[in-house]
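Subject: Structure for you to look at

Hello,

Here is the structure for you to open alongside the sequence. My notes on it follow below.

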Amino acid sequence: MRRFLSLRSKIFLYIFIFMAIPIIVITYIANKISANSLLEQTRINDLQTIGCLQESTDTLLDSVESLSGIIARDQSVKDYLSASYSLAHEQPEAYASLDFGILAAPYLSSADFLLGASLLNTDCAFVGEQKYNKNQLSWHFNRSLLSGCEKDRFIWTTPHMLVDSETNALSWAVSCVTPVYQEDTLLGYLAVYMDRSRLDKITKNLSDNVYIINDAELSSDTKAVLQECYIISDKTYSSSDFNPYTASFYYKSKINYNYLVNNSSIITSSNGQKVTVTSQKYPRMGWVYLIVSPFSNINQLVLSHLSQIFITCVACIVFALVSAYSISRIITRPIFSLNKTMEKVKNGNLEVRQENIPNDEIGMLGQTFNSLLDKISELMNNIKEQQKNKRKLQLQLIQAQVKPHFLYNVLEMVNSFIRDHMDDYALNSIAHLANFYRTSLSDGHDIISIGREVNMTENYLSLQQLRYIEFMEFSLDVADEISSCQIPKLTLQPLVENAIYHGLKTKCEKGELKVTGYLKDKRIFFEIYDSGAGMDCDTITSIYDSLKEERLTKDFGISNIVKRLNIHFNNKAEIEIHSEPGKYSLFILSFPAVEL
């Protein structure tokens, strides 16, 4: 059995679904937008942090370059380099005892982030170096590195190791190399060693996830690493244990170098954890600044926002529920009211009407329903009136069937025939009278076949012809095809009776009465013609006017015959009257052809 779902429930369900789905979708989109917004905000914050880091680094490097330029332009330094050339050939022992550290000490004492300074001649040999191992320094400061030095241009090296000549203690430095010129003559090079750990101090107020690494060099297809990406600054390393060859950024973070070749912010995996990586290149040194943050930080922010979004979503869904319920009630209230009215009508109360009709489509439906009830009431009243009229007609019909004067006249005529020894006429009269009453009574049936109606009319005319033989002749011409069709009993007899008494008998001379029946366009036509006295226009108009009246007349006349036919054939019977006073009258009666 099909499950019943009320209209109110359907409207509530549809409205709620149509409101809830957009709310859920918007909540999902808002969550995504919130996550993306938080990620973008994290990226912006990281870039701002990197920007501050770069500014601090620029300040540090600028101070080193400024100091290097001051030392390189110091005339005593230039003289020191020029004297070293002659001492190297003339006084080798004096050359070996040169100590540049003493000359540079006044400059270096003002900058605690500098580990020292060295001079190199044009042959890339260290001059006056007493503090650090010259063999180790010569390996790093080779001709390939120094060939890039130009006048008024600084070169920064990658982190390199410094070995103390006395204690063999290790330290790591990032050096600034400056060419030393006497006018346009290159005298040598100045190398100033900046402590690498100074970069860690710049990030001391930052989280441990800030890195400075060298820019990795990848092959053209980005599948092969040509230069290892190692860490330059990381607070987890001290200066003593820092080694760029073991401080590989990939082995520490497991983040692919391909993600670091451009300035970007990405979400990736590091050591099995989801992280956000914001990278920014530092072209001045060939470095890359990185901030690696656990993605859980953003997730916590997203979850905090999600709780607010969820509360808003729940509030919107509750609002959708209340709105859907309210709207469904508003929409269905007049429908349920109309349904209650229909239930009352269904139970037989046709007097009830729909009230408080709104001015909308449902109101139009209620007005139509009220109009339908009014029409039904009107039709029922008409049916009651028709039944009442039908009963009156049936009563008049019975009364017409047993009119005493007709029976008395026939019996008197039979008596006369017998007295005059006209036995055959008497027998015929009795036979016609018996047939007439047999058909007119017809076992109480009101509807008979046209054949029986014609037979009854013929018996009636035969009796009247025997009575009024001196001024009446008649003929009946009825098509056989309509004999089986139905007709209310005693339809033709009153018409021919009217033709006799008001037509032929009134004219007082012999006349003719013709009854013709035929089928045309699925309608049956009867023409009753008499050559009697005829009728004037006023009489014809009076008959037509009587047809328009709903009430029945007291006599069983023409108008009642037509009304009786209309009751039976649903107002589809018609009559035409043609007459000329003193000459003829013609009645054309038509109604639908219906088989009995």
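Aspartate 152 is exposed, with a relative accessible area of 71%; buried means under 20% relative accessible area, exposed over 50%, and partly exposed in between, with a 1.4 Å probe and protein chains only. Aspartate 152 sits in the loop between helix H6 (143-146) and strand S3 (155-156). Helices (H or I, at least four residues) and strands (E, at least two) are DSSP runs, numbered from the N terminus. Although aspartate 152 is not a glycine, its phi is positive, about 60 degrees.

This is a predicted model, in which local features need pLDDT of at least 70 and side-chain atom pairs count only at pLDDT 80 or more, while totals for chains, interfaces and linings use all residues. Residues are numbered from 1 along each chain as its sequence is written, and side-chain values use heavy atoms, with hydrogens and water left out.

Cysteines

The structure holds zero disulfides, a disulfide being a pair of cysteine sulfur atoms within 2.5 Å. Cysteine 124 is in no disulfide, and the nearest cysteine sulfur, which belongs to cysteine 149, is 9.1 Å away. Cysteine 124 lies in the loop between strand S1 (114-121) and strand S2 (126-127). Cysteine 124 is not a glycine either, yet has a positive phi of about 65 degrees. With a relative accessible area of 13%, cysteine 124 is buried, whereas cysteine 537 is exposed at 62%.

Helices H13 and H14

Helix H13 (residues 450-467) packs with helix H14 (residues 492-507) at an angle of about 25 degrees, and their axes are 9 Å apart. That angle makes H13 roughly parallel to H14. Angles under 35 degrees count as roughly parallel, over 145 as roughly antiparallel, 65 to 115 as roughly perpendicular and the rest as oblique. The axes are lines fitted to C-alpha atoms, for helices over the stretch in contact, with angles running from 0 to 180 degrees between N-to-C directions. The crossing of H13 with H14 is right-handed, meaning that the near helix is turned clockwise from the far one by less than a right angle.

On the H13 side, the contact is made by Glu453, Val454, Thr457, Tyr460, Leu461, Gln464 and Arg467; on the H14 side, by Leu492, Gln493, Val496, Glu497, Ile500 and Tyr501. Contact means heavy atoms within 4.5 Å. The residues of this contact divide into seven nonpolar, three polar and three charged. Ala, Val, Leu, Ile, Met, Phe, Trp, Tyr, Cys and Pro count as nonpolar, Asp, Glu, Lys and Arg as charged, and the others, Gly among them, as polar.

Two residues of H13

Serine 462 is found in H13 and counts as buried at 12% relative accessibility. Leaving aside neighbours within four places in sequence, serine 462 is in contact with His432 and Phe474. Its C-alpha atom is 8.0 Å from that of serine 429, 33 residues apart along the chain.

Arginine 467, also in H13, counts as partly exposed at 28% relative accessibility. Not counting residues up to four places away in sequence, arginine 467 touches Asn409, Met413 and Tyr501. Arginine 467 and valine 414 are 53 residues apart in sequence and 9.8 Å apart in space, C-alpha to C-alpha.

Helix H16

Helix H16 (residues 558-568) is mostly covered, with nine of its eleven residues buried. The buried residues include Ile558, Ile561, Val562 and Leu565, and also Lys563 and Arg564. Asparagine 570 follows H16 and has a positive phi, near 55 degrees.

Regards
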